[in-house]
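This report is written for a reader who is meeting the structure for the first time. Please keep the sequence and the model in view while reading.

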Amino acid sequence: MSIADAAGAYRAAEEAAGERVARHWPEGHGLRGWITTVDHKRIGRRYMVTAAVFFTLAGIEALVMRTQLTLPEGKVVSPGVYDQLFSLHGTAMIFFFATPMLFGFGNFLLPLMLGTRDMAFPRFNAFGYWVFAAAGLFMFSSLLFGVAPNAGWFAYVPLSGARYTPDLNLDVYSLGLLFLGISTTGSGINFIATALKLRAPGMTLSRVPVFVWALVVTSFMVVFALPPLNLANAMLFLDRRFGTKFFVPTGGGDALLWQHLFWLFGHPDVYIIVLPALGIVSAIVPTFSRRPIAAYPVIVLATVATGIISFGVWVHHMFAVGLPQLAMTFFSAASIVITIPAGIQIFSWLGTMLLGRVVLAVPMLWALGFILVFVLGGVTGVMFAIVPFDQQSTDSYFVVAHFHYVLFGGAVFPIIGGVFYWWPKFTGRTTSVRAGLWSFWLVFAGFNLTFFPMHIAGLLGMPRRVYTFSPGLGWDAWNLLSTAGAYLLAVGLLVTLSTLLYSLRRGAPAPPDPWGGETLEWATASPPPTHDFAVIPTVYSLHPLWDQRTLDSFHEESRSPLHVQADGHDVLRTTELDAEPQLGVEMPEDTPVPFVAAFGLLIAFTSLLLGGYLAAIAGAAVFGFSLMWWLWPRDRPGSSGGGERRGEGEGGGSAGGEREEASA
Amino acid sequence: MGRRTARAASPMTSSVRRRLGHVCRAAGAPALLLLLSSCGGAAPSTLSPAGVGARRVAGLWWLLFGISVVVAVLVAVLLAWVMARRTRAGVHARTGSGRAFVVTMGVVLPAIVLAFVYAVGLRDLRDLAVPRDPHALVIEVVGHQWWWEVRYPASGFVTANEIHVPTGSTVRLRLSTADVNHSFWVPQLAVKTDLIAGRVNEMWLRAEHDGVYRGQCAEYCGLQHGHMAFHVIAQPAAEFASWLAGQARPAAVPAGGAPARGLRVLEASSCAACHTVRGTRADGKVGPDLTHVGGRRFLAAGAIPNTPGYLGGWISDSQSIKPGNAMPPQPLAPEDLRSLIAYLGTLR
């Protein structure tokens with residue numbers, strides 16, 4: 001039997017094995033189902049919706065700030081409120097929007113792209129979401145009480161110390177980020193484990209989609225970059241609450257230590273945000289160029305190189321703090337070198353399009369718009385690698401313009417493009433093309449009108465983070481333009497949101513593969529069933545759905561118990577490098593334990609904030625007991641059995657392996 | 001090192017700038033013209049440099065800007081080509097890997113351009129190093145939330161928010177902070193340097209022309225970060241010397257009338273607890289030294305002009321002008337306030 005396309009592959013697999021597999025993958029309903037689910041697709045959607053809510057809140061903050069800066073000496077908000085708005089805006093966009101949104105994409109797409117049925121640790125995944133949601137609630141509710149963080153998103157000491165900010169603002173910041181860090185680190189580990197152990201047979205490392213590479217590199221970066229941030233925040237909390245002197249110069253501490261620790265996290269974090277977004281572009285561009293991505297090994301190498309080099313550039317945020325010249329020359333060189341991998345990716349997409357036949361669908365338009373604005377953000381990024389120019393322009397509006405071109409252009413554009421691209425897969429609906437065009441052009445125009453003038457305001461000497469400015473300094477017109485742009489941008493984003501909401505209610509049902517995509521997620525229904533794939537395919541190339549043998553495997557492998565895994569709630573485990581099949585492993589069922597554990601942490605962190613240390617211990621106990629319940633070894637009757645053991649090193653036997661996995 | 005700093009932007013960068021100027025005028029690039037036209041006014045613009053350091057960096061900017069325009073145009077043209085040519089009905093996707101294109105455009109060409117840019121950056125970094133000139137005038141600047149304390153150690157006096165320098169001479173600045181981090185930035189004169197808690201940083205500047213150059217704190221430092229400006233006044237050496245001598249003298253004792261009464265108000269009220277006026281009993285150390293406040297152009301770190309009206313408003317209720325600053329409202333009787341204003345006006 002020869003299968004014609006992805007939809008055919010989906011139908012063949014469902015016909016052969018759908019019923020047998022589906023009964024082991026029940027979907028929870030009602031409130032209980034909502035709280036207990038461990039389905040990566042529901043969790044992924046949940047991440048994206050929650051992150052979008054935080055994006056909206058932080059966007060409204062930005063709009064208030066732009067309104068305040070419309071005219072010199074504006075009086076829309078007081079300086080105290082303005083400081084909370086810009087601090088929470090940055091903190092929220094970086095920590096509570098960008099990374100969780102992209103991890104939402106990852107959660108939904110990674111198992112689908114790899115041809116498996118869930119993340120490696122589904123309960124840990126659910127736990128990660130609940131911790132993220134609780135930390136977001138923790139952080140944003142502070143605004144209602146007037147104690148939102150107010151020392152900027154990088155919270156420099158001594159300003160962020162107890163002496164100069166005695167209220168709770170910075171305790172909310174340090175505890176909120178520590179709380180969130182648990183979720184982010186956990187997700188990173190989960191992505192790594194999933195990508196290394198659950199790839200469909202045949203998906204060797206040289207056949208892994210660029211998006212997956214990007215997510216795995218990002219996850220490694222998360223694992224290595226968050227410890228310095230967590231350390232810094234723990235020390236800040238101890239300084240503020242218990243009078244330690246880590247950052248207090250008069251007590252033998254060092255104010256610059258905070259800056260080093262923060263940026264040792266902070267610069268890799270830029271790539272933690274941007275890399276998965278670039279991965280989205282690397283998924284969109286080949287689909288709408290009707291050919292595989294150009295120079296795949298080079299772009300993968302570039303992605304990995306970015307992850308490594310990004311740990312050696314942090315001092316370019318500190319060129320004005322008075323460091324020795326020799327040190328600055330080193331970090332300047334590293335900051336210049338890191339533009340090369342970025343350039344590789346740009347020209348890989350351009351090469352793909354130049355060699356391809358391009359279809360200007362809505363997602364592709366977002367990718368094209370992204371390339372232009374990201375290049376503009378990239379060239380100003382090179383400028384900041386040059387020490388004297390950096391010293392002149394850092395902390396001015398020029399840098400505000402630069403990082404919005406990089407982060408809004410480099411992350412939000414691909415995110416929205418990715419939402420339009422995978423919307424049929426997320427929701428089972430198609431979106432209006434005309435509304436999508438309006439959404440793109442309004443956002444594109446609004447974005448450039450908002451942020452381009454900031455370059456000029458910065459060159460004209462306007463410092464960032466000022467709640468107002470004096471008239472007659474040449475800055476008035478540029479600020480007025482920026483504010484007008486901000487409102488246009490808001491309209492564009494509203495149109496985007498309306499387009500998506502309308503599609504959710506009225507959109508036409510989507511077929512499995514509306515775009516003719518190359519990666520495995522299109523070979524299942526839109527939205528996918530809980531078990532994702534009835535038959536795990538064998539992957540024969542980098543672009544499996546454009547490859548006849550892989551398509552045929554959806555039918556042919558239905559005779560192999562290894563590929564069907566129909567004896568339980570099972571997935572197929574494969575080897576790390578060559579994706580040789582190893583054995584079936586049973587995945588955990590739905591459970592409320594992650595929710596309870598996260599709730600315990602919320603109590604603990606809130607009590608710590610308010611100084612109720614006994615209550616904090618009680619919250620930690622709730623967390624600890626749920627972990628014990630979670631990890632308690634339990635014998636499960638009727639094990640998976642479907643897994644044929646292959647290879648060596650599985651001495652514990654499948655039963656031991658199953659128990660271990662089941663509790664994870 | 002000091003010798004080389006005397007040179008203005010190198011021939012290479014200034015010729016690039018000139019060429020760019022021709023190009024954009026010829027092409028009439030509207031954004032660029034707008035940008036250039038707005039540099040001429042009162043803006044403390046990095047693009048209208050009046051100091052050696054700022055001029056060097058402005059040259060660097062035009063070089064980087066030129067390269068950036070080329071890169072952006074190249075990418076835009078390729079994108080336009082894709083949208084115009086590769087979307088046609090008859091076009092077929094080609095199967096080549098495209099690796100040669102990606103490596104040439106994404107690795108080889110950028111590496112050459114970036115190496116060049118890095119070398120230029122290194123040269124400028126070296127040339128902008130603090131010169132080891134033992135005779136240079138040293139000024140100490142201490143950041144406070146939210147004003148600038150300015151000390152002339154060789155002359156032994158303290159002033160605030162206004163830094164006078166002799167035009168054409170190298171001035172070394174020692175930067176420290178009394179509280180949180182700040183950043184010292186006069187865009188037209190020199191690159192910025194942070195004031196870091198627990199440390200002393202050094203920078204230097206040399207004004208090429210007489211003038212008043214606005215500076216502002218560039219590191220977020222709390223509520224009134226937006227109103228923490230200062231001015232650098234570059235003046236001919238002789239004028240500067242007489243200013244220096246004048247500042248070193250204590251405040252003149254008023255002969256009589258309103259100013260004399262104002263002095264009594266100053267000494268009797270809470271003013272004296274926070275401010276110093278040398279030669280009087282006012283010797284507070286919390287706020288700016290007011291010994292010669294009457295000669296300054298602005299009040300409250302650049303927030304308001306120094307006129308009797310603004311001064312009166314500031315004394316009565318500074319919190320309505322600069323919320324959160326350390327000075328409480330002063331409920332003085334109208335006659336006392338008028339006398340005080342008159343007295344402060346005499347302190348030149």
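## Basis of the report

This is a predicted model, in which local features need pLDDT of at least 70 and side-chain atom pairs count only at pLDDT 80 or more, while totals for chains, interfaces and linings use all residues. Residues are numbered from 1 along each chain as its sequence is written, chains are lettered from A and ligands numbered from 1 in the order in which they are written, and side-chain values use heavy atoms, with hydrogens and water left out.

## Chain B in outline

Chain B contains ten helices and twelve strands. Helices (H or I, at least four residues) and strands (E, at least two) are DSSP runs, numbered from the N terminus. Of the 348 residues in chain B, 55% are buried. Buried means under 20% relative accessible area, exposed means over 50%, and partly exposed lies in between, with a 1.4 Å probe and protein chains only.

The accessible surface of chain B is about 14,600 Å², and 63% of it belongs to carbon and sulfur atoms. Accessible areas come from the Shrake-Rupley method with a 1.4 Å probe; for residues, only the protein chains shown count as cover. Among contacts in chain B with a separation of 6 or more, 64% are between residues 24 or more positions apart. A contact requires heavy atoms within 4.5 Å.

## Nonpolar cores

A nonpolar core is a set of buried Ala, Val, Leu, Ile, Met, Phe, Trp, Tyr and Cys residues joined through side-chain atoms within 4.5 Å. The largest such core has 289 residues, and F105(A) and F184(B) have the most contacts inside it. Helix α4 (residues 79-114) of chain A supplies the largest share of this core, 21 residues. The core lies between domain 1 (2-87 + 96-127) and domain 2 (137-248) of chain B, because both give residues to it. These domain bounds come from an automatic or database domain assignment.

Leaving aside neighbours within four places in sequence, the residues in contact with F184(B) include V141(B), W148(B), I163(B), L195(B), M203(B) and F230(B). A second, separate core of 24 residues includes V293(B), L337(B), I341(B) and Y343(B).

## Salt bridges

A salt bridge is a side-chain nitrogen of Lys or Arg within 4 Å of a carboxyl oxygen of Asp or Glu. By this rule there are 19 salt bridges over all chains. One of them joins K41(A) and D532(A), with 2.5 Å from N to O. This pair links distant parts of the chain, 491 residues apart: K41(A) is in helix α3 of chain A, and D532(A) is in the loop between α16 (476-506) and α17 (548-556) of chain A. K41(A) and D532(A) are both buried.

In another salt bridge, the closest N and O atoms of D171(A) and R240(A) are 2.9 Å apart. D171(A) belongs to helix α6 (residues 169-197) of chain A and R240(A) to helix α7 (residues 210-242) of chain A, 69 residues apart. In chain B, E202(B) and R172(B) meet in a salt bridge at 3.0 Å, N to O. E202(B) lies in strand β8 (residues 201-205) and R172(B) in strand β5 (residues 171-177), so the pair ties together parts 30 residues apart in sequence. E202(B) is partly exposed, at 28% relative accessibility, whereas R172(B) is buried, with a relative accessible area of 17%.

## Selected residues of chain A

F108(A) lies in helix α4 of chain A and is buried, with a relative accessible area of 0%. Among its contacts beyond four places in sequence are H40(A), K41(A), F426(A) and P528(A). The C-alpha atoms of F108(A) and W422(A) are separated by 9.9 Å, although the two residues are 314 residues apart along the chain.

V49(A), in contrast, counts as exposed at 53% relative accessibility. V49(A) is located in helix α3 (residues 40-68) of chain A.

## Backbone geometry

Most residues other than glycine have a negative phi, and most peptide bonds are trans. A cis peptide bond joins V157(A) and P158(A), with omega about 0°; another joins S526(A) and P527(A), with omega about -10°.

A295(A) has a positive phi, near 55°, and is buried at 2% relative accessibility. R465(A), also not a glycine, has a positive phi of about 65° and is buried at 8% relative accessibility.
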